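Please view the sequence and the model together before reading on.

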Amino acid sequence: MADFTAAQYAVDEVLAGISKNQITGLPPSNLTQKSAKVGDGKATIAWSVPKETVVDGQVLQTTGGLMIRRKTGEAPKDIRDGDEILVTTDLTGSYTDEGLENDREYFYRFFPFSDHGIYNLNPENIISATPKAYVLYGFTIDKNNSDPYGRVAYTDMAVGFTPAKVNLSTGEFDPGSWTEDIFFRQNNHVWMVKSDGTPDYQLDDNDYTKKAKDGTASDVSNSSYDGNAMARFDTVWIKQTEEGNLQKVQICNVQLDNDFHAYAHTRADGSIMDYIWMAAFKGSLVSSKVRSLKGLTPMNAQTGTNEITYAENNGALWSTQTWAQINMINMLLILMGKSTNTQAVFGYGHYDGGSSASNLLKTGTISNKGAFYGTSGNVAMKVFHIENYYGDIWNRIRGCVTNGSTQILVKMTPPYNTSGSGYTATGITPGGTSGGYINAAKMTSNGLIPQTASGSETTYYCDGLWFAASCYALVGGACSNGLKVGAFSLSLGSAVSDSSWSIGAALSCEQPASAA
């Protein structure tokens, strides 16, 4: 479907040029990507504009560069209005605009121009940003309080916030104070992401079978597509500490001090990514690749080594998910729900009735339900656009194992291995009854580590913990685990070679370094 608005602006500019005998070509196309990230007195804006406009195989124009102008109160009206921030020939790039006033809204307008000097004046190429010194949300957990709700208290800028929850009868999501303008939700959408890690196009938040831009059919069910359906997670910095009976977590948009870590967004070379991609669906096996697509049976009955190989067959930036990524999402869920009972807050998921692969849900069964969905029924659930984040089938992850003495070892950044060599010893050897409910966990800088399984389905963490020596981590639970499934459900009770029907994996993908 043609972009009528963009086409109309192109026509208007051509006609205006003809009337002045100045026309020498068409203006460039609109930006395909634009974003703004704020900091203390600054805003980092990023863009991408097509190099050429091609119709029916004919190159109609070549983009020469981009002008960016800034204004407060309203967007710049034309190429002379407001302050000129940058003129560049970089068609994909970013720029940090410093010396700004915090809590003041700045409008940026991008004016792509052709190699003949014709500007694109489409107002779709506008974005705004309001710098802030920082945004810091926090919560504490009282280890001695068994009430999943009563044990969590808000701190920092979260004080006074209303928690999020789903209506367990209808599945409808009430974000409370945690609306889409909260920094870690702003860009949390599902995209079709190419095998080289670059975003192709965004999907409709409430119907992944459609493109967000124009409503045309997407490739979310197309196994021939060179890529996968992935949810974007922007960088969050997390500080996790424990003192006495109080566990404390702070979540920030910037690194306030050296105790804040963005482990989920850290590359093997130590650099920090602006975002990562997490699979919208549990992985399915297609032609020796783990895929995240709608309408398929989740991959199962594979060894952990095979899962990693099949995931990495997508490309150099792809693999299975990690302990650091799961910990990040779990901390965000406690923050939003103000509870350690994720099933009661975000939905129970597909937790019961499974005995073979035939009982697993097809991927994408709730691809029309928005970012969050869940009920009290034995059905699919979703958080942050990740379907069946817990339940249905175990998610085997990298970065968490037990050694020969059943002590939990973790690693927060790549590279990973399946043996635990070079991992950090947490000092935690799980206790209680393997297969019981978690009633104690330790808050460490390397994540929230389950410690003891002597609880119940309505107290403390309300999720299951399994453990044995020399095992490899599974998270989330399966449809054969009953109410022990949930965000904190952790099985360290099977080796990496285990190939059960109830074990699968899901994709993650790094931001390409060239897109930083």
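This is a predicted model: local features need pLDDT of at least 70, side-chain atom pairs count only at pLDDT 80 or more; totals for chains, interfaces and linings use all residues.

Residues are numbered from 1 along each chain as its sequence is written, and side-chain values use heavy atoms, with hydrogens and water left out.

**Confidence**

The mean pLDDT (the predictor's confidence in each residue, from 0 to 100) of the protein is 93, and 94% of the residues reach 70 or more. Over residues 1-12, pLDDT stays under 50. For that stretch the model has 13 contacts (heavy atoms within 4.5 Å) beyond four places in sequence.

**The sheet and its helices**

Helices (H or I, at least four residues) and strands (E, at least two) are DSSP runs, numbered from the N terminus. Seven strands form an open sheet in the order S15-S14-S13-S16-S19-S35-S22, with antiparallel pairing; two strands pair if DSSP finds at least two bridges between them. Strand S15 (207-211) and strand S22 (318-320) stand at the edges with a single partner strand each, so one side of each is left without a neighbour in the sheet. From one strand to the next, the twist averages 40°; axes are lines fitted to C-alpha atoms, for helices over the stretch in contact, and angles run from 0 to 180 degrees between N-to-C directions.

| Strand pair | Bridges |
|---|---|
| S13 and S16 | five bridges |
| S16 and S19 | five bridges |
| S19 and S35 | three bridges |

Lys194 stands opposite Gly227 in S16, Ala231 has Met278 in S19 as its bridge partner, and Ile276 stands opposite Glu510 in S35. Strand S16 is mostly covered, since eight of its eight residues are buried (under 20% relative accessible area, with exposed over 50% and partly exposed in between; 1.4 Å probe, protein chains only).

Helix H2 (residues 304-312) lies across S22 and S35 and runs at about 155° to S22. Helix H3 (residues 323-337) packs on the sheet, where it touches strand S16 (227-234), S19 and S35. The direction of H3 makes about 90° with that of S19.

**Aromatic residues**

The structure holds 21 aromatic pairs. Rings of Phe, Tyr and Trp (its six-membered ring) pair if their centres lie within 6.5 Å; planes under 30 degrees apart count as stacked, over 60 as edge-to-face and the rest as tilted. The ring centres of Tyr154 and Trp178 are 5.9 Å apart and the planes stand at 65°, so this pair is edge-to-face. Tyr154 lies in strand S10 (residues 152-156) and Trp178 in the loop between strand S12 (173-174) and strand S13 (190-194); the pair links distant parts of the chain, 24 residues apart. Both Tyr154 and Trp178 are buried. The rings of Tyr389 and Tyr390, with centres 6.5 Å apart and planes at 70°, also form an edge-to-face pair. Tyr389 counts as buried at 6% relative accessibility, and Tyr390 counts as buried at 0%.

One aromatic cluster consists of Tyr137, Tyr154, Phe161, Trp178, Phe183 and Phe184. The charged end of Lys338 sits over the ring of Tyr154, 4.9 Å from the ring centre. Likewise, the charged end of Arg151 sits over the ring of Tyr461, 4.8 Å from its centre. A charge sits over a ring if NZ of Lys or CZ of Arg is within 6 Å of the ring centre and within 35 degrees of the ring normal.
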